[in-house]
Amino acid sequence: MKTNKILVSVLAIGVMSGVLVYGISGTQKEKLLHEGSAMYFPTEVDFAGEKAPLQISDVRERLDRELIINANLDATTALIIKRANRVFPIIEPILAKYGVPDDFKYLAVIESGLVNAVSSAGARGVWQFMPETAKEKGMEVNDIVDERYHLEKSTEAACRYLLAAKEKFGSWTLAAASYNGGMNGITKRIDEQKVTNYYDLALTEETSRYVFRILALKEIMRQPAKYGFSIYTSDLYTQIPTKKVAVDSSITDLTGFAISQGINYKILKIHNPWLRDKKLVNPTKKRYEIEIPLEGY
């Protein structure tokens with residue numbers, strides 16, 4: 001008798017669910033059924049306040065592709081969401097200081113996954129600068145110090161590039177695209193095709209997908225549950241408090257320096273990946289700031 005009551009309750013819930021689903025409009029029904037899965041598609045999206053024209057069929061399909069791909073990269077996307085909690089608080093105030101829209105933090109996401117990546121072409125760091133571009137933007141790059149691995153300094157360099165690109169193209173979306181395709185490359189396509197909107201340009205495969213990948217990661221990272229990710233606050237990687245030790249001379253042995261600061265060489269390199277050798281050669285007496293963690297180890 002008890003089993004029958006349970007069965008009746010289950011059937012009643014099923015009927016009510018059916019009424020809820022089938023008693024609403026087609027669009028609402030689609031969103032209800034897809035929310036919480038990799039098939040969820042947003043009503044509208046924008047990059048830095050510039051709306052993507054989702055009414056254009058190829059634009060909608062290109063965004064759909066990147067959403068589905070990244071929502072199904074379960075481990076990769078979950079790790080990025082976890083890292084962002086540690087990395088974004090460093091990037092965000094620098095973007096704000098330079099007047100660069102906050103959405104550009106997602107450009108860093110697609111460039112490197114928020115780790116100090118190394119590309120086959122030689123680009124390095126979270127912002128993936130090539131050596132010559134890094135030097136042009138004021139970073140030190142050599143065998144001893146490589147500031148492409150310095151998150152604050154590389155973020156500032158990225159801001160300087162993006163501001164110049166925005167001034168050139170008049171659009172943050174095109175500025176983002178130029179980070180992949182180069183300013184000269186984007187200019188050439190605009191001149192050839194006589195259009196000035198990213199979504200109207202025929203570009204290389206990589207640059208054509210570039211902004212859509214940013215949009216997809218932005219949507220998924222802002223609302224992970226809508227795309228099927230169950231990530232709680234306790235799952236996120238936290239920032240480790242540090243102090244900065246100013247140095248204006250050479251350090252012949254970074255292992256000894258680390259020990260003198262109460263840590264080991266491994267921890268020193270984790271927090272200062274821009275130090276590329278076992279020593280810091282500094283004949284010009286340049287001032288460096290070395291981060292020393294205060295807890296967490």
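Author: What follows is a series of questions on terms and values, each with its answer.

Author: The model is predicted, and local features need pLDDT of at least 70, side-chain atom pairs count only at pLDDT 80 or more, while totals for chains, interfaces and linings use all residues. Residues are numbered from 1 along each chain as its sequence is written, and side-chain values use heavy atoms, with hydrogens and water left out.

Reader: How many helices and strands does the protein have, and what makes a stretch count as one?

Author: The protein has 12 helices and 4 strands. Both are DSSP runs numbered from the N terminus: a helix is a run of H or I with at least four residues, and a strand is a run of E with at least two.

Reader: Why is α5 called roughly perpendicular to α10?

Author: Helix α5 (residues 105-112) packs against helix α10 (residues 205-222) at an angle of about 110°, and their axes are 9 Å apart. Axes are lines fitted to C-alpha atoms, for helices over the stretch in contact, and angles run from 0 to 180 degrees between N-to-C directions. Angles under 35 degrees count as roughly parallel, over 145 as roughly antiparallel, 65 to 115 as roughly perpendicular and the rest as oblique. The angle therefore makes α5 roughly perpendicular to α10.

Reader: Which residues make the contact of α5 with α10?

Author: Contact means heavy atoms within 4.5 Å. On the α5 side the residues are Tyr106, Leu107, Val109, Ile110 and Glu111, and on the α10 side Tyr210, Arg213, Ile214, Leu217, Lys218, Met221 and Arg222. By class, this contact has 8 nonpolar, no polar and 4 charged residues; here Ala, Val, Leu, Ile, Met, Phe, Trp, Tyr, Cys and Pro count as nonpolar, Asp, Glu, Lys and Arg as charged, and the others, Gly among them, as polar.

Reader: What joins the side chains of Glu111 and Tyr210?

Author: They are joined by a polar contact of 2.4 Å. The term stands for a pair of N or O atoms within 3.5 Å; within protein, one must be able to donate a hydrogen and the other to accept it, and residues adjacent in sequence count only if both atoms are side-chain atoms. Beyond four places in sequence, Glu111 touches Val126, Trp127, Gln128, Tyr179 and Tyr210.

Reader: Is Leu114 buried or exposed, and how do you know?

Author: Buried means under 20% relative accessible area, exposed over 50%, and partly exposed in between (1.4 Å probe, protein chains only). Leu114 has a relative accessible area of 6%, and is therefore buried. Leu114 is in the loop between α5 and α6 (131-136), and its phi is near 65°, a positive value in a residue other than glycine.

Reader: Is Lys285 buried or exposed?

Author: Lys285 has a relative accessible area of 55% and is therefore exposed. Lys285 also has a positive phi, of about 60°, although it is not a glycine, and it is found in the loop between α12 (265-271) and β4 (288-293).

Reader: What makes helix α8 mostly covered?

Author: In α8 (residues 172-181), 8 of the 10 residues are buried. The elements that cover them include β1 (46-47), β2 (50-51), α5, α7 (151-169), α9 (183-193) and α10. At the start of α8, a side-chain oxygen of Ser171 reaches to within 3.2 Å of the backbone nitrogen of Thr173, and just after α8, Gly182 takes a positive phi of about 80°.

Reader: What makes a set of residues a nonpolar core, and how many residues has the largest?

Author: A nonpolar core is a set of buried Ala, Val, Leu, Ile, Met, Phe, Trp, Tyr and Cys residues joined through side-chain atoms within 4.5 Å. The largest has 66 residues, and Phe104, Leu114, Trp127, Tyr179, Leu215 and Met221 have the most contacts inside it. Helix α10 gives the most to this core, with 9 residues. A second, separate core of 18 residues includes Phe257, Leu275, Leu280 and Ile292.

Reader: Why is Glu140 called buried?

Author: Its relative accessible area is 19%, so Glu140 is buried. Glu140 lies in the loop between α6 and α7, and its side chain makes a polar contact of 2.9 Å with the side chain of Tyr288.

Reader: How do you know that Ser154 is buried?

Author: Ser154, in helix α7, has a relative accessible area of 1% and is therefore buried. A polar atom of its side chain lies 2.8 Å from the backbone oxygen of His150.
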